[in-house]
Structures are given as C-alpha cells and as structure tokens.
Amino acid sequence: MNLTKEELTLLNSKVGLHTLLKNKKVSIPKVLEEVKYIHDLKKNQEELIKLQNWVIKENKKVVILFEGRDAAGKGGAIRRITEYINPRHFKIVALNIPTSDERNQWFFQRYINQLPKPGEIVFFDRSWYNRAVVEPVNNFCTDREYEIFMSQVNSFEEMLIQSDTYLIKFYFSISKKEQAKRFRDIKNSPLKRWKMSSVDEKAQALWNEYTSYKEKMFEVTNTKHAPWTIIDANKKPSARLKAIEHILASIPY
C-alpha cells in the first residue's frame with residue numbers, strides 16, 4: 001500500500017512499532033488508526049494539563065457530567081481525560097444508592113456536597129440526571145419525584161453557572177446492538193464481570209423505556225445556558241477524543 005510520509009513516521013515511532021508487533025496478524029490500516037488515536041490522545045492530554053493549570057491559577061470551578069446508557073464508555077473516557085492531570089485538583093464522583101437520610105433530603109443536596117471548590121474540576125460518572133432516566137425506568141423514584149426533578153433541574157444548573165462554574169453535559173450514545181456486544185464482552189472477562197449490575201442485566205429489555213425518558217430529558221433540559229453534547233460512542237477511541245476536544249473548546253484556558 002502507498003503510505004504518506006506522515007504515516008511512515010507514525011509507524012516508525014515507538015508507539016507505531018509497538019502496535020505493529022503486539023499482534024500476530026498485522027493490518028496496516030488498523031495499526032495506523034490506533035497509532036493516530038494514541039498520538040491525538042497524547043496531544044490533547046497535554047492540553048488538558050494546561051487547562052487544569054489555568055483552572056488552578058485562576059481559581060475556576062468546572063463540573064463535567066457524563067451520562068449515557070450502561071456500557072456506553074463513560075468511565076473509560078473519564079480515565080483518559082484524568083490520566084495525566086494533577087490528582088490533587090480534581091475528583092471523580094460516582095455516587096452509590098442514597099442512604100435513608102439522603103432519601104429524605106432535597107434531591108440535589110448530596111450532589112451539591114460534591115461540587116468543586118475554587119481551582120478544582122469535578123467529573124460526575126452519572127449525575128443528578130439519574131432521576132431523569134435510570135430511576136423512573138427502574139421504578140427507583142415516584143412519578144411525583146420525577147416531575148419535581150424535571151421542574152427544578154434547569155434552575156439548579158442556572159444557579160450553578162451563575163456562581164461562576166463551568167458546566168459541561170455529555171451524553172454518550174450507543175446502539176442497542178453495540179450495548180449487547182459490550183455486555184457479552186464484560187460477562188466473558190474475569191476482570192470485568194464485576195461491572196455487571198442488576199440494572200445492567202435489564203437494560204436491553206428496557207431499551208425503549210430508556211429511549212423514551214432520554215428523549216424527554218433532552219427536550220426539557222437541553223437549555224441555552226446548559227446544552228447537552230451528544231457523543232457518538234459506538235467507537236470508544238473517537239468518542240474519547242471528541243469529548244476531550246469539546247472540553248478544550250468550551251473552557252477558555
């Protein structure tokens with residue numbers, strides 16, 4: 001095949017040679033795709049370090065929400081984003097089911113307790129939007145609790161932004177077929193089986209219900225002050241790059 005000078009340089013790099021040699025069967029187009037992804041990822045990760053330094057220096061607050069169906073790749077994207085930034089100035093929030101006390105509090109209270117202090121970035125691996133989709137689909141909340149949330153969330157986010165906080169909302173979108181494939185891969189991996197929850201087990205059967213609540217969520221909460229960014233997540237590498245690029249473009253570091 002005819003390779004450009006840039007492609008030859010990528011293949012002859014340490015990453016390129018490692019990628020060429022790690023598999024018995026070599027597909028040059030696939031190797032180039034992977035090497036380009038790694039190259040672009042590292043370049044963007046360098047920019048994320050600059051972004052975080054700006055956040056720290058200027059005492060800014062950043063909140064980034066990752067929503068999407070089970071196995072959409074939210075956690076993997078967060079890991080790539082945070083891989084090289086200073087761990088003392090960011091945190092990843094993945095809240096467990098609420099305690100009895102938390103169930104009796106204002107719904108947003110336990111999320112408010114996790115919001116960033118000046119100079120900090122907070123990544124929510126699922127967020128308050130659990131109440132918009134996951135909870136009603138699985139009967140974890142009442143219809144009234146759902147309606148109250150939907151009537152309050154836009155005002156809550158507006159107050160957050162008015163308090164000088166950058167808010168980015170990602171929705172990682174995958175197809176039903178891709179979700180089924182990823183569930184099979186998880187179940188077949190001794191290192192990943194723990195990821196499958198009872199909620200995950202029902203996700204395929206409840207696909208249409210998730211879709212209905214997801215569309216209602218977009219309709220009500222895709223506001224001018226806090227819009228959703230929908231990421232096509234059927235291919236994990238491109239989804240990760242798109243998410244990072246959007247963060248870099250959204251914050252004036």
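Asn 139 is exposed, with a relative accessible area of 67%. This residue sits in the loop that links α7 (134-137) to α8 (143-162), and its phi is positive, about 60 degrees, although it is not a glycine. The model is predicted. The chain contains twelve helices and five strands. Its radius of gyration is 20 Å, close to the 18 Å that the globule rule gives for 253 residues, so the chain is as compact as a globular protein of that length.

**Overall chain**

- The C-alpha trace spans about 60 × 45 × 30 Å along its principal axes.
- Of the 253 residues, 45% count as buried.
- Among contacts with a separation of 6 or more, 75% come from residues 24 or more positions apart.
- The accessible surface is about 14500 Å², and carbon and sulfur atoms make up 51% of that surface.
- There are 43 positive and 31 negative side chains, and the centres of these two sets are 6 Å apart.

**Positive phi values**

- Most residues other than glycine have a negative phi.
- The position of Ala 71 is the loop between β1 (61-68) and α4 (74-82); with a relative accessible area of 24%, Ala 71 is partly exposed.
- Asn 59, which follows α3, has a positive phi near 55 degrees.

**Helix α3**

- Helix α3 covers residues 28-57, and at 1.5 Å a residue its 30 residues should span 44 Å. The C-alpha atoms at its ends are 44 Å apart, which agrees.
- Buried residues of α3 include Val 31, Leu 32, Val 35, Leu 41, Leu 48, Leu 51 and Val 55.
- Tyr 37 and Trp 54 are also buried in α3, as are Asn 44, Gln 45 and Gln 52.
- An α-helix has 3.6 residues a turn, so residues three or four places apart point the same way.

**Helix α9 and its cover**

- Helix α9 (residues 176-188) has 13 residues, which at 1.5 Å a residue should span 18 Å. Its end C-alpha atoms are 19 Å apart, in agreement with that value.
- The buried residues of α9 are Glu 178, Gln 179, Ala 180, Arg 182, Phe 183 and Ile 186.
- The cover over these buried residues includes α10 (198-203), α11 and α12 (236-250).

**Glu 209 in helix α11**

- Glu 209 belongs to helix α11 (residues 207-221).
- Its relative accessible area is 35%, and Glu 209 is therefore partly exposed.
- Pro 136 is 73 residues from Glu 209 in sequence, and the two are 9.2 Å apart in space, C-alpha to C-alpha.

**Phe 124 in strand β3**

- Phe 124 is in strand β3 (residues 120-125).
- Phe 124 has 0% relative accessibility and so counts as buried, since the cut-off for buried is under 20% relative accessible area.
- Ile 64 is 60 residues from Phe 124 in sequence, with a C-alpha to C-alpha distance of 6.2 Å in space.
- Leaving out residues up to four places away in sequence, Phe 124 touches Val 63, Ile 64, Leu 65 and Phe 66, together with Val 93, Tyr 111, Gln 114 and Leu 115.

Conventions
Residues numbered from 1 in each chain as written. Predicted model: local features only at pLDDT ≥ 70, side-chain atom pairs only at ≥ 80, totals over all residues. Heavy atoms only, no water. Helix = DSSP H or I, 4+ residues; strand = E, 2+ residues; numbered from the N terminus. Expected span 1.5 Å × (residues − 1). Buried < 20%, exposed > 50% of the residue type's maximum accessible area, 1.4 Å probe, protein only. Rg over C-alpha atoms; globule rule 2.2 N^0.38 Å. Contact = heavy atoms within 4.5 Å. Areas by Shrake-Rupley, 256 points an atom, 1.4 Å probe, with all protein chains shown as cover. Lys, Arg positive; Asp, Glu negative; His and termini not counted. Charge placed at Lys NZ, Arg CZ, Asp CG, Glu CD.
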